[in-house]
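Thanks for joining, everyone. I would like to walk through one structure today, beginning with a definition and then taking a few pieces of chain B in turn.

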Amino acid sequence: MLTVAGYTLDPALRYEPATNVWVADLGDGRVRVGLDPLGAETSGDIVAVSFAASGAALAAGEAMAIIEAAKFVGPLAAPVPGRLAAVNPAVIDAPGQINADPYGAWLAELDGVPADRLAALVGGEAAITAWFADAVARFRAEGAIAQ
Amino acid sequence: MPVLRRIDAGSVSALRSQALWHGIAAAMGPEDPPVLSFCRPEEPYVCLGYHRRLAELDLDACAARGLPVLRRQIGGGPVYLDADQLFFQLTLPARRAPAHIGRLYERMLGPAAAALCRLGVPARLAHTNDIVAGGRKISGTGAGQIGDGVVVVANVMFAFAHEEMAAILSVPDQAMRDECLRLMRAHLGTLPRLDPDTVTAALTDAYADALGATVSDSALSDAELAAVRDWERRLDDPAWTAGPPLPASAGRQVKIRAGVWVYDRRGDGLAVQITVEDGRVVRAAITLADAGVDSAVLERALIGVAAEAGALAARLEEFGDDGVRVRDALAPGMVVR
């Protein structure tokens, strides 16, 4: 595991920087996704999550889930195009787990993900470190997270 | 100088009072100026947050009163809305909205509190997204991202029909309904000395100041109007009103404001109902079949305890299996929405 600016990051994962979503390559075009620790922290205490219809074909950027925290309801965008193949029932029943354990509390699995779209996400220790350090610095400058 | 578009829709139907800001947000582009919108519903209705169960409402009571039920795409619980309330909304391009939820409310609701202060109301933001004055919540709020727009929604209550609000809730018994009514009267505030025009002007000035913008009075654009009409159709669709699939709920919770709620749980030879005010249990009613401990003892033990799982568990530990049963029954009610 990597520690960047006080946050733990898994270098085996890829990351979508705009939405702070991690992506695990499960092979054969299937991925598992969840919120990274920065995404989980800035969202606030998550109290509900609902998902797009099972089997839905999602474009990258299209809402795969709707998340609610502190009376804010917002979409969580699919980090890559794919079909919504599975959702994690544990986070539907206990959405607070997304805050408590961002890597364990995965959200959904997509299949039919093009390899080039997966490869385009941030991956590898050097790239992850550079991106995440910059993101944390920016969030701290904005007052979005504690110094 | 940046522009703040102001759209004052005036008195509108229940459906339009919700579709208005859904549509403005849905039509917002990443480079568009912020929009401060206002409206008042010309008819009373009931509105439910996106992730809330329709079963939280007594739909027969709503129908008997002729109250439409609309589901909004922001958070929060069921609310009774009528012409004694002014609705206002600030919509920004999502890329300009703070990433952190707390900062978002500070930036987008802080000016509203400032405006009320200028009108002599000692208003302040509390508990992330409540606007309070004199210990009472004076504005219901919620927020969301719709399309590329982030919108924060709030109201100012000039009067509030507490009895109507209590009547449209689905609760397991009259004691809980009475308790909800008592808490609403004690913890929700109204601003009867203010009038909508004065508040609208003060809010406009405060948001313009906060955004460093000049105000441009505006009508809905063609794209916004189309989006509003699209949202009217969506909000009027029974499938939308039914809401997304949600997990089964454990018990019934009614939150009045941050730190104030009632929770009821029944089953397996046990019935528990507690009232929480300012984060502490102030009332407990327990019926426990096959118990070794008198229920009244358990009830007294809970009074004054902090309403969070750890504190309740610690307090109930001395009561053995009976305490464990009560602890487990209450645990879901400590997650407050």
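By buried I mean under 20% relative accessible area, with exposed being over 50% and partly exposed in between, using a 1.4 Å probe and protein chains only. This is a predicted model, in which local features need pLDDT of at least 70 and side-chain atom pairs count only at pLDDT 80 or more, while totals for chains, interfaces and linings use all residues. Residues are numbered from 1 along each chain as its sequence is written, chains are lettered from A and ligands numbered from 1 in the order written, and side-chain values use heavy atoms, leaving out hydrogens and water.

His162(B) is buried, at a relative accessible area of 14%, and lies in helix H4(B), residues 162-167; helices here are DSSP runs of H or I with at least four residues, strands are E runs of at least two, and both are numbered from the N terminus. Not counting residues up to four places away in sequence, His162(B) touches Leu181(B), Met184(B), Arg185(B) and Leu188(B), where contact means heavy atoms within 4.5 Å.

Turning to the sheet, three strands of chain B form an open, mixed arrangement in the order S4-S3-S5, and two strands pair if DSSP finds at least two bridges between them. Strands S4(B) (69-71) and S5(B) (79-81) are at the edges with a single partner strand each, so one side of each has no neighbour in the sheet. S3(B), residues 45-48, pairs with S4(B) in the parallel sense over three bridges, and Leu48(B) has Arg71(B) in S4(B) as its bridge partner.
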